[in-house]
Amino acid sequence: MALQARAAGRRRPAQARRALPPIDRELAWVVAVALASRLAVWAVAAFAALLAAGSESPGSIGRQNELRFDDPRLTHPFGSGVDLAVAPMARWYAVWYLRIAGEGYGADPGLKAAFFPLYPLLVRALGIVLGGGPGGRLIASYAIALFAFVAAACVVYRLVRERRDRATARLAIVLLCAFPGSLWFGAPYAESLFLAAAAASLAWALQGRLWLAAAAGGLAAATRPVGVLLVLPLALVWWQRWRAGSALTWHALALLLVPAGIAAFAVLLAAGGAPALAFVDVQSAWARQTVGPLAGVWRAFEAAWLGVRQLASGSREVVYFGLAAGDPLRIAAMNVMLFAFLLAALGAMAVSWRRVPVALWLWALAVLAFALSVPAVPQPLMSLPRFLGPLFPLAWGVAVWARERRADAAVVVSAAVVLGAFAALYGSWNWIG
């Protein structure tokens, strides 16, 4: 009898595995792909960082950027070989998030006010658990970003899997991971957390769980300012359900939870002695102007056309609005590249129409319109790839379109090649957004 009991005990785990719903077994694949993609990005960035450290002259662009924008106390806190592993993805805005996690905003936040608080607050909290200090916060920043990205990928997979099929869901995840804007997922940036909150919000909305959806939307708004735009798809879902008789009028009050995320940031700033709307006032310091989406597109086209002409002539004359902000040829190349991203985004919006739920498509449109409405000088589309990264409905729509045309491999390889180039530039302290 004892032998039979032990044999039954050994069989039970195998039976339990066979009893798992297929979707749960598939999520293991999603986790593996998400983590493998982040490892690949890190490997390229780390290799580029090592090459740059060994070959760059003191006057090179990458070295100048590193000296100007890096803070080794935050990005190289261990003083050992560990820094070689954790530093390559801690570039640019990561330094600001780490600084906020350690210092807070204070009475005079300055440029820190441009970075919303949920991510650095979580980094600070987990950093304390991990021993405190810059090293604990740096490890925490990676842990939170990676966990959020994996969670977001699982949510997106379930969404697509339940409404399409397994193959389309898998392709959507691969595209989400391979899109060049995914560079910042898993880095010490807020992008992964924003993606997770937005995906959860929209998934709950489609399930009719409006209060949970709005609460997640509030977290997204406390992570990135464009999170407040989730109120639009959530309002659409409420209206559709209200017309169908499955939602009450007062359920619309849930939508107030979304802007509450921004209101919480204002309260946090005011509590520290800073102006409550400092995050609005600081935008001018980043050379951004509010002009509307159509004017933003025109400025982007103008900058790209001037960039093409300047690259063709090889002239280093400052040609865009008379503003000197670095090497004119590099700025010209960036403007051309960013305009190509805009064209790709517009194409993705077009093919996603009617291929994804309308509420999700509306949210992607709203975020893209916002990004176009606040062009910067001299790069009107500055950071556009990073803004596009969390727009998972576009990955979903392009996945459906690519499978219809059997263009899966071409789309994935094209995106992955550009992502690799982005990772190399990022790791060597070259600005890409």
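Which residue forms a salt bridge with glutamate 103, and how far apart are the closest N and O atoms? The partner is lysine 112, with the closest N and O atoms 3.3 Å apart. A salt bridge here means a side-chain nitrogen of Lys or Arg within 4 Å of a carboxyl oxygen of Asp or Glu.

## Ground rules

This is a predicted model, so to speak of local features takes a pLDDT of at least 70 and side-chain atom pairs count only at pLDDT 80 or more, while totals for chains, interfaces and linings use all residues. Residues are numbered from 1 along each chain as its sequence is written, and side-chain values use heavy atoms, with hydrogens and water left out.

## Overall build

The chain has 20 helices and zero strands; these are DSSP runs numbered from the N terminus (helices: H or I, at least four residues; strands: E, at least two). The radius of gyration is 23 Å, close to the 22 Å from the globule rule for 433 residues, so the chain is as compact as a globular protein of that length. That radius is taken over C-alpha atoms, and the rule is 2.2 Å times the number of residues to the power 0.38. Along its principal axes, the C-alpha trace spans about 85 × 55 × 55 Å.

Buried residues account for 51% of the 433. The cut-offs are under 20% relative accessible area for buried, over 50% for exposed, and partly exposed in between (1.4 Å probe, protein chains only). If you look at contacts with a separation of 6 or more, 74% of them join residues 24 or more positions apart; a contact means heavy atoms within 4.5 Å.

## Surface and a nonpolar patch

The accessible surface comes to about 19,400 Å², and 68% of it belongs to carbon and sulfur atoms. Areas come from the Shrake-Rupley method with a 1.4 Å probe, and for residues only the protein chains shown count as cover.

Trp211, Leu248, Trp250, Leu253, Leu256 and Leu257 make a nonpolar surface patch of about 620 Å². Patches take residues with over 30% relative accessible area and no salt bridge, joining like charges within 9 Å and nonpolar side chains (Val, Leu, Ile, Met, Phe, Trp, Tyr) within 5 Å. One of the patch members, Leu257, sits in helix H13 (residues 257-271). Leucine 257 counts as partly exposed because its relative accessibility is 34%.

## Salt bridges

The structure holds nine salt bridges. Back to the opening pair: glutamate 103 is exposed because its relative accessible area is 55%, whereas lysine 112 counts as buried at 10%.

Arginine 99 and aspartate 71 also meet in a salt bridge (3.6 Å, N to O). This pair links distant parts of the chain, 28 residues apart: arginine 99 is in helix H6 (residues 93-103), and aspartate 71 is in the loop between helix H3 (61-69) and helix H4 (72-75). Both residues are buried. Asp71 and Arg99 are also linked with Arg73 in a network of salt bridges.

Arginine 405 pairs up with glutamate 404, the closest N and O atoms being 3.3 Å apart. Arginine 405 is partly exposed at 48% relative accessibility, and glutamate 404 is partly exposed at 47%.

Arginine 224 lies in the loop between helix H11 (210-221) and helix H12 (231-243), and counts as buried at 6% relative accessibility. Its side chain makes a polar contact with the side chain of glutamate 191 (2.5 Å). Such a contact is a pair of N or O atoms within 3.5 Å; within protein, one must be able to donate a hydrogen and the other to accept it, and residues adjacent in sequence count only if both atoms are side-chain atoms. Leaving out residues up to four places away in sequence, arginine 224 touches Phe116, Glu191, Phe194, Phe387 and Pro390.

Cysteine 177 is in helix H9 (residues 166-178) and is buried, with a relative accessible area of 4%. Beyond neighbours within four places in sequence, its contacts include Val33, Ala34, Phe149 and Leu419.

Most residues other than glycine have a negative phi, and most peptide bonds are trans. Tryptophan 92, not a glycine, has a positive phi of about 50°; it lies in the loop between helix H5 (82-86) and H6 and is buried at 8%. Serine 383 has a positive phi of about 75° and is buried at 1%.

The loop between helix H17 (358-373) and helix H18 (384-388) holds proline 378, and serine 383 lies in the loop between H17 and H18 too. The peptide bond from valine 377 to proline 378 is cis, with omega near 10°.
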